[in-house]
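Hi there,

Here is the structure I promised to pass on.

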Amino acid sequence: MIMKHWYKIISVLIIFYTLVWGLLNPVPRLDILNETIRNVYYHVPIWFAMLFMMSVSLIYSIKALSTNKLTDDIKGYNAAVVGFFFSIPGLLTGSVWAKFTWTTWWTFQDPKLNGVAISILIYLAYFILRFSIIDELKRARISAVYNVFAFVMMNVFIMILPRLTDSLHPGNGGNPAFAKYDLDSNMRMVFYPAVIGWLLFSFWLFQIKNRISFLNNKLDD
Amino acid sequence: MIRNILVFLLIFCSIALNAQENQGPNMADTFRNDGKIYVVISVISIIFFSIVLFLIYLERKIKRLEDKLKDH
């Protein structure tokens, strides 16, 4: 029982730890940011979980292309759905945080925000592409190829372009990266576990989604 | 003697409290001193654990369906 569910138990314990200690532990006292610096424990790991799920989706898409197995195709799609699901709270939390530190819900000055918006549209197109092809094998191949393209474009828009220009986000365009927070070992004690916890949590959701899909497939047969 | 110690302790406490009123950026110090932060933490915990319980309930339901389909 524990062998099967170990990662779920670990993820719940770790996330619970970050929820409690993330509010209690001492953080650097910075102007403008003030206590909102604690959002690093919650907002950032959500995005990491999204990137992780999109990577899983990429791996299964490539696998589906090489093996031609429909199960790999479905797993790739499910991972993209879970990743997409994580991007929504990521966007909303970022928006709230921006309102109280950058004084606006959304700014087109920040290349990272624009990049995220474009990436979300790219993945929406992926879902629409899938729904529009009825033939299963054809759908698997075409959407897998598109998924590879979508992943690369997302990385260009989220990871590369913001680093080339000015950005309000830390770690981009000359802003200090996590190095500034990382100097504070108190924050590191919560931030890194939070990332691991949310990655495992996203994997749990991914497994649930997979099992539902396979049940559906079996019922259709 | 006891009075002297008491006075000393009180002065020490007030100095310690004063020292906590920092001049730097505003942080939720009073919020934390009141101890009410634990209310927030318990609310967050309740929400989180209800989501986890719901996930576990979902998993059990899926497991039952899987077993049912296996029998067929």
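Read along its sequence, chain B follows the pattern α-α-α. That is 3 helices and 0 strands for chain B. Please keep in mind that this is a predicted model.

On confidence, chain B has an average pLDDT of 75, and 60% of its residues score at least 70. Where pLDDT is low, the predicted coordinates should not be read in detail. For the complex, the predictor gives an ipTM of 0.71 and a pTM of 0.82.

How much of chain B is buried? Of the 72 residues in chain B, buried residues make up 0%.

Now to where the chains meet. The contact takes 18 residues from chain A and 19 residues from chain B. On the side of chain B that touches chain A, 14 residues are nonpolar, 3 are polar and 2 are charged.

One residue of chain A may also interest you. A:Ile118 sits in helix α4 (residues 111-132) of chain A. Is A:Ile118 buried, exposed or partly exposed? A:Ile118 has 16 other C-beta atoms within 10 Å; a buried residue needs 20 or more and an exposed one 12 or fewer, so A:Ile118 counts as partly exposed. The C-alpha atom of A:Ile118 is separated by 9.2 Å from that of A:Ile158, and the two residues are 40 residues apart along the chain.

Terms used. Residues are numbered from 1 along each chain as its sequence is written. Chains are lettered from A and ligands numbered from 1 in the order in which they are written. This is a predicted model: local features need pLDDT of at least 70, side-chain atom pairs count only at pLDDT 80 or more; totals for chains, interfaces and linings use all residues. Two residues are in contact if their C-beta atoms, placed from the backbone, lie within 7 Å. Ala, Val, Leu, Ile, Met, Phe, Trp, Tyr, Cys and Pro count as nonpolar, Asp, Glu, Lys and Arg as charged, and the others, Gly among them, as polar. pLDDT is the predictor's confidence in each residue, from 0 to 100. Helices (H or I, at least four residues) and strands (E, at least two) are DSSP runs, numbered from the N terminus.
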